[in-house]
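Open the model in your viewer and keep the selection tool at hand. This tour goes from stop to stop.

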Amino acid sequence: TQGVANLVNGFSKIKYLLPKRNLWENMARAAILCSADLRPPGLANCVNGFSRVELLLRDRLLWEALADVTVVLQPQLLPRDVAVIVHGLAKVQVRNLMGYREVWETLAGSAVAHCARMTPKDLANCVNGFSKVDYLLGTEELWKPLASTAVALRAKMNPQDVSNCVKGFSEVEVLRSDPALWASLGKPPVALGKLGRTRTEDFAEEGTKRSAADGDDDEDPSGEHIEDSPRRRSGRRSSGRPA
């Protein structure tokens, strides 16, 4: 199972392989079949890798299986796992994805719980990803802790982290008048609206991706999650997704 996840993440970094439909359809089916046995590092690698493959962004069976496993594994997710999964799922283009609200509410709760342990990159990827989910934009219970974390981590952020935080936080109405946040980031709270993407309550049919020119940290949000040793799991259930 972890081998499949590592292959997905590795192959997704080789640009000439990204258009290979047969390769990716087979990798997606393999991931669905073993999804019930994924551990958090494998789940993060699958979401991260598959989210780079444009021809799979509308694969309903794949993303419903991964969303289901995300909810099941929530108690075991580490801050980096959460950040990688949020960053990847924000790109998915499946309309009316089953479990959409459940998975995002699960990830929002995990992000808040892990704020104190986040790195600047984790925070930037969470802010960037959550800002593409319309119905979460008014959730103060999510955004206030993320904003406080941004202030605390500002001195450790690189320019890409700052850029992603500014763009993400600018989408959030409840933070537009947060003086501590914007004084820390050193940027005005300019609302981006729907610039460069379409957002809906469901995963958008036309996509929620931004280009590299928009400042998304797409290159390697995960670090590396290469792990072969077993990790104890409790309360697992099958994803119930067909191959």
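Is the crossing of H4 and H6 left-handed or right-handed? It is left-handed (the near helix is turned anticlockwise from the far one by less than a right angle; clockwise would be right-handed).

This is a predicted model, where local features need pLDDT of at least 70, side-chain atom pairs count only at pLDDT 80 or more, and totals for chains, interfaces and linings use all residues. Residues are numbered from 1 along each chain as its sequence is written, and side-chain values use heavy atoms, without hydrogens and water.

**Stop one: two helices.** Select H4, residues 60–73, and then H6. Helices here are DSSP runs (H or I, at least four residues), numbered from the N terminus. The axes of H4 and H6 come within 9 Å and cross at roughly 40 degrees. Axes are lines fitted to C-alpha atoms over the stretch in contact, with angles from 0 to 180 degrees between N-to-C directions. Now show Ala67, Thr70 and Val71 in H4; they meet Glu102, Val103, Thr106 and Leu107 in H6 (heavy atoms within 4.5 Å).

**Stop two: a ring and a charge.** Select tyrosine 135 and arginine 101. The charged end of arginine 101 sits over the ring of tyrosine 135, 4.0 Å from its centre (the rule: NZ of Lys or CZ of Arg within 6 Å of the ring centre and within 35 degrees of the ring normal).
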